[in-house]
Amino acid sequence: MSPLEFLWVRLNTWAFQVFQAIMGALRPLGRYLKSHPRAERVADRVVGLPEEVFKKVAYNCQMCGQCILHSTGMTCSMNCPKNLRNGPCGGVRPNGHCEVKPEMTCIWVLAYRRSFATAWADHMHHINPPVNRRLAGTSSWINLLTEADIRTQPGWQVEGSGNGHV
Ligand code: SF4
């Protein structure tokens, strides 16, 4: 990892710790939004746009609405052409590049490498449920507050979810 990449991940790590503290303080708001769907929709619109602009620039965010950045070395796994959420497929090339887009380094190679620069490298082992397409385009920050991002289909348990929940 280049020093610049290391610094980038470290900066993200610190920023994420601040973000988590803010989200913790906003839990009462999350509970309110959960029981007031109209207010939740408004909050989603108000927060979603700045979130999209910021995260698009910083991470090439695809607005999946259930962010797992923190457990993937601050690397957006939705940029994997197969949208894999739990590690690479079997097609990673010997040089670490993607089998679908040979010019691109596999997102999971980047995520694994970068995870060691975070304070929670072990979170790479979290099992993430399949991506919920119903949340696509919504604010993951609001979904984190209302816990919409950890609601899963029957049969799925979120053991050590890879999103921002602690
Ligand atoms: S995991 Fe989802 S919300 Fe997070 S950066 Fe990627 S697309 Fe955006």
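Trainee: What does Thr105 count as: buried, exposed or partly exposed?
Mentor: Keep in mind that this is a predicted model, where local features need pLDDT of at least 70, side-chain atom pairs count only at pLDDT 80 or more, and totals for chains, interfaces and linings use all residues. Residue numbers start from 1 along each chain as its sequence is written. A residue is buried if 20 or more other C-beta atoms lie within 10 Å of its own, exposed if 12 or fewer, and partly exposed in between, with C-beta atoms placed from the backbone. Thr105 has 16 C-beta neighbours inside 10 Å, so it counts as partly exposed.

Trainee: Which residues does Thr105 touch, not counting those up to four places away in sequence?
Mentor: Thr105 sits in the loop between H3 and helix H4 (107-115); helices here are DSSP runs of H or I with at least four residues, strands are E runs of at least two, and both are numbered from the N terminus. Touching means contact, with C-beta atoms, placed from the backbone, within 7 Å. Leaving out those sequence neighbours, Thr105 touches Gly96, His97 and Leu110.

Trainee: How far apart in space are Thr105 and Arg31?
Mentor: Along the sequence, Thr105 and Arg31 are 74 residues apart. Going from C-alpha to C-alpha, the gap between Thr105 and Arg31 is 40 Å.

Trainee: And Glu99, which residues does that one touch?
Mentor: Glu99 also belongs to the loop between H3 and H4, and with 15 other C-beta atoms within 10 Å, Glu99 is partly exposed. Setting aside residues up to four places away in sequence, Glu99 touches Gly91, Val92 and Arg93.

Trainee: Is Met74 buried or exposed?
Mentor: Met74 lies in the loop between H3 and H4. Although Met74 is not a glycine, it has a positive phi of about 55°. With 23 C-beta neighbours inside 10 Å, Met74 counts as buried.

Trainee: What phi does Asn83 have?
Mentor: You'll find Asn83 in the loop between H3 and H4, where 14 other C-beta atoms within 10 Å make it partly exposed. Asn83 isn't a glycine, yet its phi is positive, at about 55°.

Trainee: At which residue does H3 bend?
Mentor: Helix H3 (residues 37-59) spans only 29 Å between its end C-alpha atoms. A straight helix of 23 residues would span 33 Å, where the expected span is 1.5 Å times one less than the number of residues. The bend, which is the angle between axes fitted to the seven residues ending at a residue and the seven starting there, is about 30°, and Pro50 follows within four residues; the spot is Gly48.

Trainee: Which residues of H3 are buried?
Mentor: The cover over the buried part of H3 includes helix H2 (27-34) and helix H5 (140-146). Under that cover, the buried residues of H3 are Glu40, Ala43, Asp44 and Glu51.

Trainee: What is the radius of gyration of the chain?
Mentor: The chain has five helices and zero strands, running α-α-α-α-α from the N terminus on. For 166 residues the globule rule gives 15 Å, and the chain comes close to that, so it is as compact as a globular protein of that length. The rule is 2.2 Å times the number of residues to the power 0.38, and the radius is taken over C-alpha atoms. For this chain, the radius of gyration is 16 Å.

Trainee: What percentage of contacts between residues at least 6 apart in sequence join residues at least 24 apart?
Mentor: For context, buried residues make up 30% of the 166 residues, and the C-alpha atoms fill a box of roughly 50 × 35 × 30 Å along the principal axes. Among contacts between residues at least 6 apart, those joining residues at least 24 apart come to 64%.

Key
Contact = placed C-beta atoms within 7 Å.
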